[in-house]
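Hi,

Here is the structure I promised to pass along.

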Amino acid sequence: MIALFCYAARGVIRQPLQTLLYVLGLTLAVGLFADTLFFVDLSQRDMTKNALAPVQVDMVARATTPDLAPNALEQTLKGQTLVKSAEPVAVADFASLSKVGAGVSSAAGRVFALPQSYYQTFNFLPIVAGKFDPSGAMIGDATATQLGIKVGDTLELKFAAGITQPYRVRVSGLVGMGVSEPLFFNPDPAGGEGYGVVADVVFLPPATFERDLAPRLSKLPVTTSSVGQTGSNVVLLPVERQVHLKLDQSGLNADPAKSLKQLDALRRSLEQPFPGQVRVQNNLALRLGNAKKDILAAKMLFLFLAIPGVLLAAYLSKYAVELSSDSRRVELSLLRVRGAGMKDVLLITAFTALLIAVLGSVLGLIFGAATLLLTLGAGILTTANLELIAPSVGWAVLGGFALTALAFLLPVWAQLRAEIAGARRTVTRVQTLPLWRRMNADGLMLIAAGVVLYVTDANGGFKPTGTEGTAVTLSFYLFLAPFLFWIGATLLLIRLLDLLLTRGAKPVARVLKTLFGEFGVVAARGMTRRSNGVGSAVTLTALSLSFGVALSLFLGTYATQRAGDIAYIVGSDVRVTPPASANLTPAFADQLLTLPNVKGATSMARDPVALIGSEKKSVYGIDVPSFLKTAYLPNAMFENGSAAATLGALAKTPNGVILARDQADKYDINVGDTVLMRLYNPKTAQYVQVKTLAVGIYTYLSTSSQDADFALNRDFMTRATGTSGANLFLVKTSDPAGVTVSIQTQFGANLTLKLENVLTATKVDSSSLTSLNLNGLGGLERIYTALIVASSLGVFLISMLQSRRKEFGTMRALGTDDRQLRQLLAAEALSISSVSLAAGVGIGAGIAALFVMLLRVIFLIPPAGLTWPVTDLSLLLGLSLLGMGLGVLLANQALSKLRVSEVLREA
Amino acid sequence: MTISAGAPFALETRDLSRFFDLGDHQVRALEGVNLRVQCGERVAIVGPSGGGKSTLLALLGGLDAPSAGQVFVGGADLYAMTERQRVQLRRGQLGYIFQGYDLLPALTVLENVEYPLLVAGLEPHQRTRRATALLNEVGLGGKEDFLPDELSGGQQQRVGIARCLVTEPSVVLADEPTGNLDTTTTDAILELLRVATAERGMTLVMVTHDPAIAALADRIVRIQDGRLETKA
Ligand SMILES: Nc1ncnc2c1ncn2[C@@H]1O[C@H](COP(=O)(O)OP(=O)(O)OP(=O)(O)O)[C@@H](O)[C@H]1O
Ligand SMILES: [Mg+2]
């Protein structure tokens with residue numbers, strides 16, 4: 001046993017070149033596999049961070065009984081680990097709100113008692129006018145506008161039956177409610193609706209609340225209400241006491257699964273001191289659950305992107321094993337002469353395989369680590385990261401062993417069995433077709449890919465899942481179609497090549513003759529009569545290229561999609577939102593235009609409470625000429641396929657309206673129909689009815705992340721409502737960061753502007769799969785593509801030269817000169833490379849197209865098609881061609897040095 | 001020996017040596033060989049295996065490079081020439097026949113015979129005419145479109161002979177042309193070779209193991225351990 005192992009080890013050491021050839025492919029395969037896994041591991045941190053970013057209130061502790069002392073909860077929670085701040089919140093409902101002395105009053109709303117520190121700890125409640133005052137109240141800005149309430153006015157609250165006395169308090173400030181959802185977030189534990197946003201809100205200082213309202217409101221009866229889809233009963237306290245927690249998120253594990261456990265432990269430890277009295281709502285957990293699913297999806301996506309490369313690299317090893325079958329035959333007979341039995345021989349090869357697997361895995365990991373460091377920088381070397389990738393190291397080694405078994409052990413054993421069984425192959429003239437061809441596996445695979453695609457599509461598998469905050473569910477079937485396509489297309493390619501080379505010998509010869517003269521014909525004969533070898537060379541090169549092409553196309557399209565999605569969210573390059581109370585005019589857009597590097601600026605009016613029938617809709621007023629120049633308007637967003645045509649029609653029709661597809665469906669509106677709507681005039685607090693004409697339909701309109709249901713001409717809208725019509729501004733620029741800064745310095749002193757740009761904006765309500773930095777992965781996989789293409793070319797050339805030495809030697813003896821030999825090689829290389837190139841680009845584009853379908857699931861705006869990253873692709877193809885050219889030169893060099901006498905000695 | 005001026009030998013070697021360095025030791029495959037072959041002469045080279053026969057033949061044909069000494073073909077110093085000139089010589093004056101036939105496997109019988117003419121730059125119709133004529137002469141008329149693999153060993157060597165003769169070389173070098181063939185086939189091939197070269201007045205240098213074959217030659221040259229032992 002040990003002797004056999006030593007024999008195997010000596011074999012590995014004694015033939016370093018052979019060992020190198022076996023190990024080369026494996027090293028690349030393991031490296032690529034490991035790097036892909038590592039990359040996902042390292043992306044976890046970003047994905048988790050991205051998933052958690054929109055969460056404002058990390059946890060909410062709610063008292064479920066009225067008898068809990070107001071301060072007890074807050075005091076206990078404050079000291080816990082991971083808790084950064086704990087803000088006490090008291091909540092009660094009111095029946096109506098009005099300005100003292102005015103006629104209008106609001107619908108039912110809610111009072112929040114928040115300490116001053118709340119506004120600093122959480123930044124989703126900006127004070128847009130006035131200030132926090134311990135003796136006054138603050139109200140939501142929209143409510144203030146609607147009821148005509150200003151700082152200094154006195155407001156009056158009425159409560160539910162049982163409390164007859166209204167409550168009056170002076171208004172000290174206005175709070176912007178634009179992003180206030182976290183305040184209300186209260187998911188039904190049994191599933192269902194997440195937000196319970198209340199439109200009209202009053203904020204009181206806790207002391208005031210406890211003194212003036214709490215004693216009276218607490219006397220109201222406790223009610224229960226059935227909520228959600230399950231209709232579970234929820235206890236409603238007249239005064240609800242909560243503590244909003246902000247956690248130290250940096251203390252959470254980067255692996256969402258682990259941080260979920262961490263958070264769950266924290267939740268339990270928070271509830272534990274108050275058995276049955278407190279329920280803790282874990283807002284982070286929801287997002288983390290999604291992140292976990294997203295990471296799984298990303299892993300699948302990356303692996304499927306990398307699998308062709310991994311398999312190809314492994315195939316290189318198998319190719320090398322095939323090439324060395326002759327020398328193995330000699331070695332085998334030597335072993336048998338020395339009395340080794342079948343078992344011994346199999347054991348020796350098993351040991352050899354083991355050594356090769358260990359060598360390949362170790363080298364692969366080293367190589368993978370090196371390329372990773374090269375592309376991502378040394379900054380990734382932290383203990384936390386090492387801990388993250390540790391399991392993947394194991395997977396990569398396991399993969400290395402599996403690939404060795406596939407690429408080395410099985411083919412070698414198959415050969416040995418055949419040898420020992422005496423079934424030594426001589427030249428077989430009668431060719432039996434391989435099993436897959438007899439079964440037409442290529443066609444079947446392609447059909448299967450089509451069927452999977454169709455079924456997945458029919459079942460809505462390619463529809464965006466992107467409702468707020470949900471994880472993308474990338475079903476396994478989404479990956480199945482590209483995979484089947486890849487295998488099917490590869491087999492089809494082999495079949496077609498075989499057909500071309502066997503049936504198409506004459507035309508091939510004719511083409512090559514016109515291109516390369518007489519030696520083209522010799523090359524054609526050579527290739528058509530060596531169809532197997534040429535076929536595998538073309539297949540190997542084509543597949544390597546298709547891998548690179550598919551990746552490059554996918555990454556290019558992903559980048560376009562990502563940029564597009566963000567531009568859509570922002571509306572253009574920079575978005576400026578003044579506070580509701582600022583009363584800016586469209587002239588502010590002209591001021592923005594004067595800033596350096598600004599290429600366009602437009603102002604937009606927004607009415608979030610317009611009415612169609614009795615339903616609230618958000619209606620925008622746009623200034624078409626400047627909007628066209630400024631906003632992000634891909635044609636794909638418009639149903640008639642043209643942004644200019646749709647907006648042009650709007651500009652030409654003063655009372656025109658363009659609307660979203662879902663609204664058109666809902667109200668059965670077609671272009672040419674009259675649409676009646678009521679716009680809100682904040683000055684008079686009255687609705688104005690307008691008659692508009694539908695002139696266009698869009699799927700998306702770049703206005704803001706809030707849906708634009710309808711868009712009118714701004715002038716029409718301001719005339720109807722009497723408002724200035726400048727609720728937000730879009731700016732187009734080539735330097736979003738710089739322009740953001742200059743807007744802030746220029747205007748920020750007098751105005752609290754909310755500034756967003758394409759660089760800082762993240763898609764809060766979408767999957768973290770859209771925010772992956774795929775550039776790193778792109779760089780990584782590019783290195784592998786180049787190496788795989790280069791190695792397959794190298795192995796092919798070496799084997800070609802090796803197996804055809806005799807032929808070339810004879811040719812030289814017969815007076816063939818260097819130039820003629822070069823012509824021959826060039827003709828062969830050019831035919832092989834052009835066919836490989838065409839097939840590679842074709843298959844690559846096919847796979848990319850299928851993968852890009854996945855992006856439809858992930859991104860908001862479906863990709864219109866593939867993005868062809870021209871530089872990237874030409875670099876890839878150029879390098880491959882260069883490699884082939886270099887290969888021909890080297891081969892020519894080697895051939896001209898060939899000693900004919902030596903070659904002819906070889907049997 | 002004296003060199004008669006104006007009538008150069010078809011082949012001549014002067015102190016020809018070929019050594020192979022095999023790392024730890026050196027193989028002296030040929031050492032100080034002086035051989036002269038007259039125009040139209042038929043010479044058989046015989047000797048034990050490993051004696052250096054193939055090495056000598058390769059050097060005579062310009063397919064190797066000597067460690068020392070010179071080879072003259074028609075009075076011209078073969079290894080003082082440029083590679084271009086040597087190529088020209090291979091295309092015109094020298095013809096080879098190999099033990100393993102060494103036909104180009106991807107080309108048909110006709111294309112194989114045409115190949116030396118193609119390399120020399122002849123027009124297609126000329127090539128085909130000459131190659132077809134030679135194939136008929138070697139008895140392979142009708143087999144033009146066969147691939148080498150589809151022929152017997154004897155037939156393949158006939159193709160090899162046709163391919164050698166098609167360029168009308170003045171010197172034919174054959175290294176054990178019948179080494180892989182049975183006796184009947186051998187006789188036929190040798191007869192073909194003898195007649196064809198004699199008709200054309202070609203010089204023939206042939207390596208063989210077989211004394212019976214050697215007897216067909218005008219002269220037998222023995223090589224042992226890299227040295228020449230000339231007889232008559
Ligand atoms: N390229 C080479 N490298 C190393 N040694 C060589 C080489 N070519 C020939 N030799 C050696 O030179 C010697 C002469 O070889 P050669 O092939 O000329 O003999 P031969 O007489 O043709 O033998 P055979 O009758 O077996 O063909 C042998 O010892 C051989 O091993
Ligand atoms: Mg020999």
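How far is an oxygen atom of ligand 1 from an N or O atom in the side chain of Thr55(B)? The separation is 2.5 Å, which falls under polar contacts (pairs of N or O atoms within 3.5 Å; within protein, one must be able to donate a hydrogen and the other to accept it, and residues adjacent in sequence count only if both atoms are side-chain atoms). The protein covers 76% of the 630 Å² of accessible area that ligand 1 has on its own (Shrake-Rupley method, 1.4 Å probe; for residues, only the protein chains shown count as cover).

Some housekeeping before the rest. This is a predicted model, where local features need pLDDT of at least 70, side-chain atom pairs count only at pLDDT 80 or more, and totals for chains, interfaces and linings use all residues. Residues are numbered from 1 along each chain as its sequence is written, chains are lettered from A and ligands numbered from 1 in the order in which they are written, and side-chain values use heavy atoms, with hydrogens and water left out.

Back to the ligand. Ligand 1 sits between chains A and B. There are 16 residues around it, and Arg905(A), Ser49(B), Gly50(B), Lys53(B) and Thr55(B) come nearest (a residue is near if one of its heavy atoms lies within 4 Å).

In terms of elements, α29 (900-905) of chain A and β1 (11-22), β2 (25-37) and α1 (53-60) of chain B each supply at least two residues of the shell. Helices (H or I, at least four residues) and strands (E, at least two) are DSSP runs, numbered from the N terminus. The biggest giver is α1(B), with 3 residues. That helix is largely enclosed by the rest of the structure, because 7 of its 8 residues are buried (under 20% relative accessible area; exposed is over 50% and partly exposed in between, with a 1.4 Å probe and protein chains only). Lys53(B) and Thr55(B) are among those buried residues. After α1(B) comes Gly62(B), with a positive phi near 75°.

Two buried spots are worth a click:

- Thr733(A), in strand β21 (residues 728-733) of chain A, is buried at 6% relative accessible area. Its side chain reaches the backbone oxygen of Asn597(A) at 3.0 Å. Beyond neighbours within four places in sequence, its contacts (heavy atoms within 4.5 Å) include Asp573(A), Val598(A) and Val739(A).
- Leu190(B), in helix α6 (residues 183-200) of chain B, is also buried, with a relative accessible area of 6%. Leaving aside neighbours within four places in sequence, Leu190(B) touches Thr178(B), Met206(B), Ile213(B) and Leu216(B).

On cysteines, the count is 0 disulfides over all chains (a disulfide is a pair of cysteine sulfur atoms within 2.5 Å). For Cys39(B), the nearest cysteine sulfur belongs to Cys164(B), 16 Å away. Cys39(B) is exposed at 58% relative accessibility, while Cys6(A) is partly exposed at 34%.

Lastly, chain A is assigned domain 1 (1-65 + 304-430), domain 2 (83-247), domain 3 (505-567 + 766-907) and domain 4 (574-757), with bounds from an automatic or database domain assignment. The C-alpha centres of domains 3 and 4 lie 51 Å apart.

Cheers
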